[in-house]
Amino acid sequence: MIDTNDNSEQDYQSLIDNPDPVDADDQRYEQIFKDLQGGIIKNYGRNYYLYIFIFFNQEKIEQAKQWIRDEIANSVTSTYKQLQDTEDYRQNLNRALDSSPEEIHPGEKCKNFFLSYQGYKILFKLENKKNVLDEPLFEKGMKSWWTRNYQTNKKDNDAESPRTWDIGGGKHEIHGLILLAHNCLEELKYEAELIIEEFERRAVGNIIACEVGYKLVDEKKRVVGPFGFVDGVSQPLFLKRDYEKYCNNQDTDKWDPKASLNLVLVKDPFGEPYSFGSYCVWQKLETDYECFKKKEKELSDNLKCDSEKAAALVVGRFRDGTPIALSEHPNQDSIKNNFNYNDDPQGMKCPLHGHIRKVNPRGEQTKNPNDDLPHLEQLKKYHRIFRAGITYFDKSKVQKSPDSKILDVCLNKLKYLKEVRKELPEDNIKNISGLLFVCFQSSIVNQFQKLQNDWADNDKFPREFSMGESKYLDPVIGHPLVKGDTKNPKPQEWFNKCSGEDVRNYPFYGCVKNKGGEFFFAPSISFLKKF
Ligand code: HEM
């Protein structure tokens, strides 16, 4: 056994900087993984998720810290535990296949606790936090990021204004976020009740909101997201076991998903030498299925192609996950991910603004000739994020009136998932209300913001054409109205590749709306124990 006690901060950092996927059983990582919260380098994969948003009362800071020590620090799931549970589950599954499926245990409860910048500030009265969690966007918070980029008029009455947000737009700032995830809905409800009642009993603050998510799977057991597209296909892979499994199914010469831990982990300045954390972007994105289907049909009429193809042009993959860069048709045997856009500079296979091409250009050359430099191609890989989002269903009759108790609101939202579970997957797809988008990164500025502002919202990315202005905004998450240009929604053009005719203007966007959120940091567990 390697004695890790004498390791310096640099030793741990060099383990995190290892460019290759790491072996979960490598003892050099044990201390790091025992102190790192779970769900950051691998998804929990649970069926049900509950997010509880917290505001701490300024007058009760010492009591709030006590609450964190008692109720959070010892029960947060570590990466080490998550990986052990995954292995146990896999072994149980194999054993159960030989005997009876009832022997598969439902998986352990998962729990996380994140803090916003305002949360750190109120708990520690930190006025000048330079050099600790030195991340400008984290410090600004989501509301201010949004207002700076997208606030379109002074009257503040557009559909996505923070005034209309479900999360983070109200008078209370968000200080903390608890995530509970479980495969068993009843267990999750029980856990939710315990934690909310205890928080309220201690009166250390307010629970501002709660959101629940449900992992929707199709008949082939694939996770399905908004508008019926298979989700969670292309992710950075940090663990050797996951990477090897991936490599057994496909080549990596065109796209290699392996990633260094430093893509998502940064030193936790308040922890121990082996303590790491991650920046988390949490965003509630409301999706309108009818809007997407209508636009899909109109785009297909415009381009004279079938509507599944039109939908694939929008996302860059068919609904079953088949990349349009590789195939003109869906229904491939397995989901392919070994591709890039180098042989398609004009977007004749996959539009330049197809969602997955916008948010992961896969090293393609951009308009700037200097970008051809190999190290800049590598930099583009550095802009990747690890996604951990989940679909939500908000059609419940539960309306929050001013006097409804937050515990009842949360429990009713969870109860509604029972109804959702009863539906057929194809009916559920129509009922998806949106995506609770969650992603982890080592820098919000270089990763989430890069993808959203510099790529998805930039109509000249990845390339400006000499024949005129480029009009290529991400049709899923791009914002046609940005600050300073409120009257002229950006046009959106599509190569008419189906009929071989000219370029068509058809603005697709508008089916996804931001309903708020916040930027968080996932602190190390040893830090939570120090409160
Ligand atoms: C409701 C909103 C959204 C929908 C419906 C959506 C849908 C999808 C779908 C269907 C895929 C392909 C499957 C996969 O690789 O998992 C995908 C991939 C991806 N999305 Fe989104 N997405 C949304 C929001 C976002 C946001 C806000 C971001 C980041 C700013 C983002 C970043 C990504 C990335 C990085 C990939 C992987 C691309 C690749 O590596 O090929 N998505 N999304």
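**View 1. Surroundings of the ligand.** The ligand is surrounded by 25 residues, of which Phe229, Val233, Ser234, Ile356 and Asn360 are the closest; a residue is near the ligand if its C-beta atom, placed from the backbone, lies within 6 Å of it. This is a predicted model, in which local features need pLDDT of at least 70 and side-chain atom pairs count only at pLDDT 80 or more, while totals for chains, interfaces and linings use all residues. Residues are numbered from 1 along each chain as its sequence is written. Two or more residues of the shell come from each of strand S6 (276-287), helix H12 (355-359), strand S9 (434-441) and helix H16 (448-456); helices (H or I, at least four residues) and strands (E, at least two) are DSSP runs, numbered from the N terminus. Because domain 1 (36-231 + 261-287 + 387-438 + 516-529) and domain 2 (289-383 + 459-514) both give residues to this shell, the ligand lies between them; the domain bounds come from an automatic or database domain assignment.

**View 2. Phenylalanine 53 and its contacts.** Not counting residues up to four places away in sequence, phenylalanine 53 touches Ile167, Ile174, Leu177, Ile207, Ile208, Ala209 and Cys210. Two residues are in contact if their C-beta atoms, placed from the backbone, lie within 7 Å.

**View 3. Aspartate 256 in its loop.** Aspartate 256 is found in the loop between helix H9 (240-249) and strand S5 (266-267). This residue counts as partly exposed because it has 17 C-beta neighbours inside 10 Å (buried: 20 or more; exposed: 12 or fewer; partly exposed: in between; C-beta atoms placed from the backbone). Aspartate 256 and arginine 362 are separated by 106 residues in sequence and by 9.2 Å in space, C-alpha to C-alpha.
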